[in-house]
Amino acid sequence: MVHVERLSHSFGQHFALRDVSFSLEKGGFLFLNGPSGAGKTTLLRLLHGALPVMQGRASVAGFELSTLPRRRVPDLRREVGVVFQDFKILPERTVLQNVALTLEVRGVDPGAAERRVRALLASVGLEDKALTPCGLLSGGEQQRVAIARSMVANPKLILADEPTGNLDLDLALRLMDLFKQLHTYGTTIIMATHNREVMAQVPEAQVLALRDGRIWEGQIAGQIAGQTEGQTGTAQAETSRADGKPDDDGQAWEDGA
Ligand SMILES: Nc1ncnc2c1ncn2[C@@H]1O[C@H](COP(=O)(O)OP(=O)(O)OP(=O)(O)O)[C@@H](O)[C@H]1O
Ligand SMILES: [Mg+2]
């Protein structure tokens, strides 16, 4: 579903991502972690076409991003649900309208769209806020709108950037149940998070730890992945598991909602 090979990205002189390689099969779950500024958001933005792939390769849901023309980015986005770290919801529109927009642009019948959205709002605990303009919601409520929106069109892949960052632990775990449910149904998920309790909810997940834009495989093993690759310093992802057990398997484009 996602294959990344020696992907790098720089903003001016500064490399936000350097030589990152990993693969995630269909139905897989990958946690991205690493300190602030490590490159998690940059990686996720590259994977949904918000930043152009200029160095290295990335293939996502069958789209080869290094050669994907910009006009075909909407085709990629149709397959991918995104929870943005800064939500990117429309403050003057209601919760219902924000979540339904994704279905509207796909031509889904408005009645069917509303039923689907209301069911999802109940799952994220926002059934009472359906008609509230998003600008009046708390940060945690806005985050739940963003989560519902990412899921509403049953995407093959969900890229979630710290989706529980504004939620208390109880709510975070409840929302994780929702992600886990989708995962059980076969959705592939990449989630950036710092939260170990969140990560512990999906013990079978792969973990990719970034630091200074490079893959850092050291959280558990205590070493930098690139150092095992000899002189080249190429960071090669042998992702570890969320529970720490060994695993056998081994210039910006605009963001769209
Ligand atoms: N649009 C941009 N222009 C210039 N530099 C940027 C831009 N976006 C990110 N960076 C830089 O790239 C690096 C990686 O940023 P990124 O947002 O990917 O980190 P992150 O791991 O998501 O951090 P956080 O945990 O704080 O969200 C940082 O040094 C950041 O300052
Ligand atoms: Mg980030």
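User: In S8, which residue is the bridge partner of Asp161?
Analyst: Ala192. Keep in mind that this is a predicted model.

User: How many bridges join S7 to S8, and do they run parallel or antiparallel?
Analyst: There are 5 bridges, and the two strands run parallel. S8 covers residues 188-192.

User: What about S6? How many bridges there?
Analyst: S6, residues 80-83, pairs with S7 over 4 bridges, in the parallel sense. Val82 has Leu159 of S7 as its bridge partner.

User: Which helix goes with S7 and S8 in the β-α-β unit, and what is the hand?
Analyst: Helix H6, residues 169-184. The unit of S7, H6 and S8 is right-handed.

User: Is S7 buried or exposed?
Analyst: Buried. That holds for 5 of its 5 residues, so S7 is largely enclosed by the rest of the structure.

User: Which residues sit on which side?
Analyst: Leu157, Leu159 and Asp161 are on one side, Ile158 and Ala160 on the other. Both faces are covered. In a regular strand, side chains alternate between the two faces of the sheet.

User: Switching to confidence. What is the mean pLDDT?
Analyst: It is 87 for the chain, with 84% of residues at 70 or more.

User: Which elements have the highest and lowest mean values?
Analyst: Strand S7, residues 157-161, has the highest at 98. Helix H8, residues 218-221, has the lowest at 35.

User: Where does pLDDT stay under 50?
Analyst: Over residues 218-236. The model has 28 contacts beyond four places in sequence for that stretch.

User: Now H5. How many residues, and what length does it reach?
Analyst: H5, residues 139-151, has 13 residues and reaches 19 Å from its first C-alpha to its last. That is close to the 18 Å expected at 1.5 Å a residue.

User: How many of them are buried?
Analyst: 10 of the 13, so the helix is mostly covered. Among them are Val145, Ile147 and Met151.

User: What do the buried ones pack against?
Analyst: S6, S7 and the helices H3, H4 and H6.

User: Last one, Gly37. Where is it found?
Analyst: In the loop between strand S3 (29-33) and helix H1 (40-47). Gly37 is partly exposed, with 13 other C-beta atoms within 10 Å.

User: How far apart are the C-alpha atoms of Gly37 and Gly213?
Analyst: They are separated by 7.9 Å. Along the chain, Gly37 and Gly213 are 176 residues apart.

Definitions and conventions: Residues are numbered from 1 along each chain as its sequence is written. Chains are lettered from A and ligands numbered from 1 in the order in which they are written. This is a predicted model: local features need pLDDT of at least 70, side-chain atom pairs count only at pLDDT 80 or more; totals for chains, interfaces and linings use all residues. pLDDT is the predictor's confidence in each residue, from 0 to 100. Two residues are in contact if their C-beta atoms, placed from the backbone, lie within 7 Å. A residue is buried if 20 or more other C-beta atoms lie within 10 Å of its own, exposed if 12 or fewer, and partly exposed in between; C-beta atoms are placed from the backbone. Two strands pair if DSSP finds at least two bridges between them. A crossover is right-handed if, with the strands pointing away from the viewer, the path from the first strand over the helix to the second runs clockwise. The expected span of a helix is 1.5 Å times one less than its number of residues.
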